[in-house]
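This report covers helix packing, ring pairs and charged side chains. The sequence and the structure come before the text.

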Amino acid sequence: MKLNERSVAHYATCDSPADHAGFLRKRVERHHHHAHHHGTSYQRRWFVLKGNLLFYFEERESREPVGLVVLEGCTVELCEAAEEFAFAIRFDDAGARAYVLVADGQAAMEAWVKALSRASFDYMRLVVRELEKQLEEACKSLAACRGSPQRSSSSGRKRHLSNPALLPLQGKPTTLENGYSTWGSGGCVAGGATCSDYDGGQMKPPPLPPRRRSGAGGTTGSPAPGLSPTMLESPVSPETICFSKLHNWYGQEIAVLRRQWQERQERQKRGHP
Amino acid sequence: PRVPAVLKKRLVKLVVNFLFYFRTDEAEPIGALLLEHCRITKEEENVFSISFIEEPERKYCFECATEEQCQEWVEALRRASYEFLRRSLIFYRNEIQKMTGKDPLEQYGISEEARFQLGAHRQ
């Protein structure tokens, strides 16, 4: 399966800060056809966590990762291995292999488990949605208190809530798309809109990534908010195959979003009678 | 959406920060694009492109059935990166903190994490 490898490697090695990094020993999984397994061996690798992607390199200075684990649909747990400070990344998809990793010490192990268990895109999205609601509520109660539309003190600029574009927070003129234009600027910029503009007490939260809208092949031309019927008819869970294929690249397996995908589909079925 | 230049029809699925593409009658994807450090550009009617920071001239072009669909895709893809989510989180956190004086991340036990700090050099 093709992947934009160059971009992925670039993302892995560029100087955007990693969420966590360090040496870990990775258990080597051998696919023997033999009945006996002659001991387990581990390889020391340099691991770098960026977002929901765990890269590993042969050496700290390597220019390209040798592996990638997509941290979706997985759990991170301590495991009882012969090794001390071992933990495992296990996937909801029973068919996907687990990764057993060994840290240098107790503190390192705990830090890794904590970082990895909160690394998924889904987790971030959950937190962002929650904060979005909290902000909406805070704005509402503020508007109710003041009784009339006002600009908040957060900025002197009028911003439209319906504008989904990324806005600079501190007056920086750069626009952002997926972190593209602010490369190296190091400033903090905002995603979404502020609630500075009350516009008569009305407030529309900025739209978040539409989880449902994976673009089912564009079979219908209509902008229906839910899934088109053809997508729901798909017999196979898309992520199983998508991420399995991704994992095979670099010879690794990839997490599967199967349960979450199905849960989402269930919710949609319920929500769109 | 279709991929022109040789105008191949593809089924495209956005799953977290990956864009998978399939031949329309197949269950397994033939490829994927990681959507980090990329730019989504609206091109001519019904068309958008994705390009990456280290290779800006190289564009992956997609032609949609309608202009409306195209706009939906552009919006969805611009929000599809983990980095976008992270920035949104930092933004909301800051706004809530300013308005209420409280750090909303404390309840999650993640308020100290470097990746969520306002001053962090984030992309």
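## Helix H1 of chain B

In this predicted model, the buried residues of H1(B) pack against strand S2 (8-15), strand S3 (18-23), strand S5 (38-42) and S6 of chain B. Contact here means heavy atoms within 4.5 Å. Helices (H or I, at least four residues) and strands (E, at least two) are DSSP runs, numbered from the N terminus. The buried residues of H1(B) are B:Gln69, B:Cys70, B:Trp73, B:Val74, B:Ala76 and B:Leu77. Buried stands for under 20% relative accessible area, exposed for over 50%, and partly exposed for values in between (1.4 Å probe, protein chains only).

Helix H1 of chain B has twelve residues (67-78), which at 1.5 Å a residue should span 16 Å. The expected span is 1.5 Å times one less than the number of residues. The end C-alpha atoms of H1 lie 17 Å apart, which agrees.

## Aromatic pairs

Over all chains there are eleven aromatic pairs. Rings of Phe, Tyr and Trp (its six-membered ring) pair if their centres lie within 6.5 Å; planes under 30 degrees apart count as stacked, over 60 as edge-to-face and the rest as tilted. B:Phe48 and B:Phe62 are stacked, because their ring centres are 5.2 Å apart and their planes stand at 15 degrees. This pair links distant parts of chain B: B:Phe48 belongs to strand S6 (residues 47-52) and B:Phe62 to strand S7 (residues 55-63), 14 residues apart. B:Phe48 is buried at a relative accessible area of 1%, and B:Phe62 is buried at 3%.

In chain A, ring pairs join A:Phe47, A:Tyr56 and A:Trp112 into a cluster.

## Charged side chains of chain A

A:Arg25 lies over the face of A:Tyr42, at 5.1 Å from the ring centre. The charged end of A:Lys50 sits over the ring of A:Tyr11, 5.5 Å from the centre of that ring. A charge sits over a ring if NZ of Lys or CZ of Arg is within 6 Å of the ring centre and within 35 degrees of the ring normal.

A:Asp122, in helix H3 (residues 121-146) of chain A, is buried with a relative accessible area of 10%. The side chains of A:Asp122 and A:Arg125 are joined by a polar contact of 2.7 Å. A polar contact is a pair of N or O atoms within 3.5 Å; within protein, one must be able to donate a hydrogen and the other to accept it, and residues adjacent in sequence count only if both atoms are side-chain atoms.

## Confidence and conventions

The model scores ipTM 0.86 and pTM 0.67. Chain B averages a pLDDT of 86, and 89% of the residues score at least 70; pLDDT is the predictor's confidence in each residue, from 0 to 100.

Residues are numbered from 1 along each chain as its sequence is written, and chains are lettered from A and ligands numbered from 1 in the order in which they are written. Local features need pLDDT of at least 70, side-chain atom pairs count only at pLDDT 80 or more, and totals for chains, interfaces and linings use all residues, while side-chain values use heavy atoms, with hydrogens and water left out.
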